[in-house]
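Please keep the sequence and the model in view while reading.

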Amino acid sequence: MSEARIDKWMWAVRIFKTRTIAAEACKKGRISINGALAKAARMVKPGDVIQVRKPPVTYSFKVLQTIEKRVGAKLVSEMMENITAPEQYELLEMSKISGFINRAKGTGRPTKKDRRELEDFTAPEFVDDFDFDFDFEE
């Protein structure tokens, strides 16, 4: 077999968990073959360099052998070579260390920390110190 569909190949070599996810990544423009954006039906052949953007990292793989049936994890090294630059892995480590600091505001539910900060901000501090007893006898 000299050629295979890119979505099937990426599923077969375990880059993506399902073929549907691989096809969606192609549709969103996250997959490129030899520098050109690829559709899910694009054929790959040995020697092609595939770049996969999984933010914040761009992985690079060189196709050694084309397959269409999923193989065991031990056999993946015979099918492809990981040529991802070390800087990309450093980016991944930095994002893991930073955690959720760069969470986009307004997306999803607030974290428990966000809720507590909001309660501290909105709770009036002077309520307990104020004396509400008034003398109206005049």
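A nonpolar core is a set of buried Ala, Val, Leu, Ile, Met, Phe, Trp, Tyr and Cys residues that are joined through side-chain atoms within 4.5 Å. The model discussed here is predicted, and its largest nonpolar core has 27 residues.

**Nonpolar core**
- Within this core, the residues that touch the most other members are W9, M10, I15, I31 and I50.
- At least two core residues come from each of α1 (6-12), α2 (19-27), β2 (31-33), β5 (49-54), β6 (57-63) and α3 (76-79).
- When neighbours within four places in sequence are set aside, M10 contacts I15, F16, A22, C26, I31 and V52.

**Sheet**
- An open sheet is built from five strands, which follow the order β3-β2-β5-β6-β7 with antiparallel pairing.
- Because β3 (36-37) and β7 stand at the edges with a single partner strand each, one side of each is left without a neighbour in the sheet.
- The antiparallel strands β2 and β5 are joined by three bridges, and I31 stands opposite V52 in β5.

**T84 and its surroundings**
- T84 lies in the loop between β7 (80-82) and α4 (86-98), and T84 is buried, its relative accessible area being 10%.
- The side chain of T84 makes a polar contact of 2.6 Å with the side chain of N82, while a polar atom of the T84 side chain lies 3.0 Å from the backbone nitrogen of S60.
- Not counting residues up to four places away in sequence, T84 touches T58, Y59, S60 and Y89.

Terms used:
Residues are numbered from 1 along each chain as its sequence is written. This is a predicted model: local features need pLDDT of at least 70, side-chain atom pairs count only at pLDDT 80 or more; totals for chains, interfaces and linings use all residues. Side-chain values use heavy atoms; hydrogens and water are left out. Helices (H or I, at least four residues) and strands (E, at least two) are DSSP runs, numbered from the N terminus. Buried means under 20% relative accessible area, exposed over 50%, partly exposed in between (1.4 Å probe, protein chains only). A polar contact is a pair of N or O atoms within 3.5 Å; within protein, one must be able to donate a hydrogen and the other to accept it, and residues adjacent in sequence count only if both atoms are side-chain atoms. Contact means heavy atoms within 4.5 Å. Two strands pair if DSSP finds at least two bridges between them.
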